[in-house]
Amino acid sequence: MATWKRTRGFWVSVILAFAFFAVVEWLIASGTLNIFYVNTLFFMAINVILAVSLHLIIGITGQFSIGHAGFFAVGAYASAIMTMKLQLPFAVGLLAAGAAAMLAGLIIGVPSLRLKGDYLAIATLGFGEIVRIALLNIDYVGGASGMTVAHMTTWPWVFACLLVTIIVIANFTNSTHGRACISIREDEIAADAMGINTTYYKVAAFAIGSFFAGIAGALYAHHFYIIQPSNFGFLKSFDILIFVVLGGLGSLSGAVVAAILLTLVSTFLQNYPETRMIIYSLVLILVMLYRPTGLMGKKELTSLFKWRKAAQGGMNHGGKNTVA
Amino acid sequence: MELIQQLVNGISLGSIYALIALGYTMVYGIVRLINFAHGDVFMVGSFVGFYAVTMLGVGFFPALLLAMAACAVLGMVIERIAYKPLRNATRIAVLITAIGVSLLIEYVTIYLRGAQPEAYPSTLLPERNLELFGVVISGQSLFILGTSLVLMVLLQFIVHRTKIGKAMRAVSHDAEAARLMGINVDNTISATFAIGSALAGAAGVIFGIYYTKIEPLMGILPGLKAFVAAVLGGIGIIPGAMVGGLLLGVIESLVSGLGYSLWRDGVAFIILILILIFRPAGLFGKNVREKV
């Protein structure tokens, strides 16, 4: 009974998620959702995966990475090569995307995670640009004109990836390892002094985060028919960063909500191309000026409900008076 | 001879990077902020210079001064509106604001005048070339180099010989102590933004003359590379930014000269990562131990 009480929230969420999955699947199958809405939905899910994976790196571990589009690109191209050049099934492409992005995460993470704060940010920004320029210059993947990719992303795949990402990262956050990561975010020197292997946890968070960014890349590549290096510039990295910061650093549901909200906003603003980016940047500036901690702060959606708080404190990690 | 030619090109290009990098380094030195909007101030300077020449019909120097003045005002306005209210916020909040300001400047420019590129008038500077032992040095690159050098010397003078420069150095060393000693920290930060942005504006005009093509998104890549230059020399250190900019320009020209011009932009970032890994404080910086 005690176990049920502790895991009730989890199972309720999973059941709700599957109910949502079934409803959407039925809507798509019956043709009620037209292609525009399906596109928006897929794009939303991909953005949520990206936001949640970056949330682990920035929001939980406090590692200021602004080259996330680099891992996204590595995943997209790795999966495209697997399915289009080597004719392997989509599942293999998906796993290869995650693995390749994780490897990239380790390559960049191990040396540069010794850097702190702004320096790490610049190094990751540089890494993202190097990936983009390298892809531009490799003829095997089509250079600037990009690669054509078959459409293989379907709603079950998108949903499965989304669910796995959120469950893995939420559970990681609530585990011993997650606590270690949070302690690094709060004060790295103190965490080190308490015997936490800070390098290990930073690299682990980086690797997991880039793995899921790679998965998102594979979904993206197989949804949009064509991938080009210009899709993965540092503006894309900024987009992902903005999801995380706008939602509230350290808040998983904040990242999810912000990713959904901003994808909606930018989709509907596409009808006004000349003012779209102006409104977008003004929103960004105003939110940061009047709510620098992001929309949700460190709170989770679940902590808005009393009964969750009474049960286990929900996923309300992080103290109240700490500065990220 | 080819090599010397590349060196000359590299130094001209490098002096543009150095001018932009000075703004990054000064702002970072004083408020510890990566001012992402700096590359866009550079773009605005370029356009102000362009419109001054084509619409007002002025020469090179009045256009340069006009661009510098406009950018100084723009820099101060950005600081007052976007960065000052966030003085005590987290670093990441300020950084996101800077990204927002950068996007805002870019897209307001596109909204106002469209995204089409513009060709800089080529008659602005004397066309004569100088030939030295078989190396052809264009009058333009000498002019560019000369202007940049004068501006850099002027900056050194301001920072080391004037009252506002002394205040800037004090605030960059310890803002709280400077405030206690009666220095108006807010005004000093404003002045820093003004000077840094004026240099970016000058770089914008020079860039327009050198590359002849300007467009609203042109600030992004030179901005990033100038930032790399600032990090290369040690961010927050003024001579470091100059040396970093010149070095980056020369390296880029040599890479292009060797036939890898497509990789030119990549090399800048590879240098950045190598520098950060092996010498995170930059060529001129000292490592500071973090205290608990």
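Visitor: What makes the radius of gyration of chain A agree with that of a compact globule?

Guide: This is a predicted model, in which local features need pLDDT of at least 70, side-chain atom pairs count only at pLDDT 80 or more, and totals for chains, interfaces and linings use all residues. Residues are numbered from 1 along each chain as its sequence is written, chains are lettered from A and ligands numbered from 1 in the order in which they are written, and side-chain values use heavy atoms, without hydrogens and water. Now the rule: the radius is taken over C-alpha atoms, and a globule is given 2.2 Å times the number of residues to the power 0.38. For 324 residues a compact globule would be near 20 Å, and chain A has 19 Å, so the two agree. The C-alpha atoms of chain A fill a box of roughly 50 × 50 × 40 Å along the principal axes.

Visitor: How many helices and strands does chain A have, and what counts as one?

Guide: Chain A has 13 helices and two strands.

Visitor: How do you know what share of chain A is buried?

Guide: Buried means under 20% relative accessible area, exposed means over 50%, and partly exposed is in between, with a 1.4 Å probe and protein chains only. By that cut-off, 55% of the 324 residues of chain A are buried.

Visitor: What share of the contacts in chain A join residues at least 24 apart?

Guide: A contact means heavy atoms within 4.5 Å. Among contacts in chain A between residues at least 6 apart in sequence, the share is 79%.

Visitor: Why is the length of helix α10 of chain A said to agree with expectation?

Guide: The expected span is 1.5 Å times one less than the number of residues. Helix α10 covers residues 234–247, which makes 14 residues and should span 20 Å; its end C-alpha atoms are 20 Å apart, so the value agrees.

Visitor: What makes α10(A) mostly covered?

Guide: In α10(A), 12 of the 14 residues are buried. Among them are F234(A), K236(A), F238(A) and G247(A). Just after the helix, G248(A) takes a positive phi of about 120°.

Visitor: Why is F90(A) called buried?

Guide: Its relative accessibility is 7%, so F90(A) counts as buried. F90(A) sits in helix α4 of chain A, residues 90–112. Leaving out residues up to four places away in sequence, F90(A) touches T83(A), M152(A), T153(A), W157(A), A218(A), L219(A) and H222(A).

Visitor: Which elements do the buried residues of α4(A) pack against?

Guide: In chain A they pack against α3 (68–85), α5 (117–137), α6 (155–174) and α9 (198–221). In chain B they pack against α11 (264–278). The buried residues of α4(A) include G93(A), L94(A), A101(A) and I108(A). As for length, α4(A) has 23 residues and reaches 32 Å from first C-alpha to last, close to the expected 33 Å.

Visitor: What about chain B: how many helices and strands are there?

Guide: Chain B has 11 helices and four strands. The globule rule gives 19 Å for 292 residues, and the radius of gyration of chain B is 19 Å, so chain B is as compact as a globular protein of that length. Its C-alpha trace spans about 60 × 45 × 35 Å along the principal axes. Of the 292 residues of chain B, 54% count as buried.

Visitor: Why is A63(B) called buried?

Guide: A63(B) has 0% relative accessibility, so this residue counts as buried. Its place is helix α3 of chain B, residues 60–83. Beyond residues up to four places away in sequence, A63(B) touches G49(B), A52(B), V53(B), V58(B) and V205(B).

Visitor: What makes S102(B) buried?

Guide: The relative accessible area of S102(B) is 10%, so S102(B) is buried. S102(B) lies in helix α4 of chain B, residues 91–113. Not counting residues up to four places away in sequence, S102(B) touches F36(B), A37(B) and D40(B).
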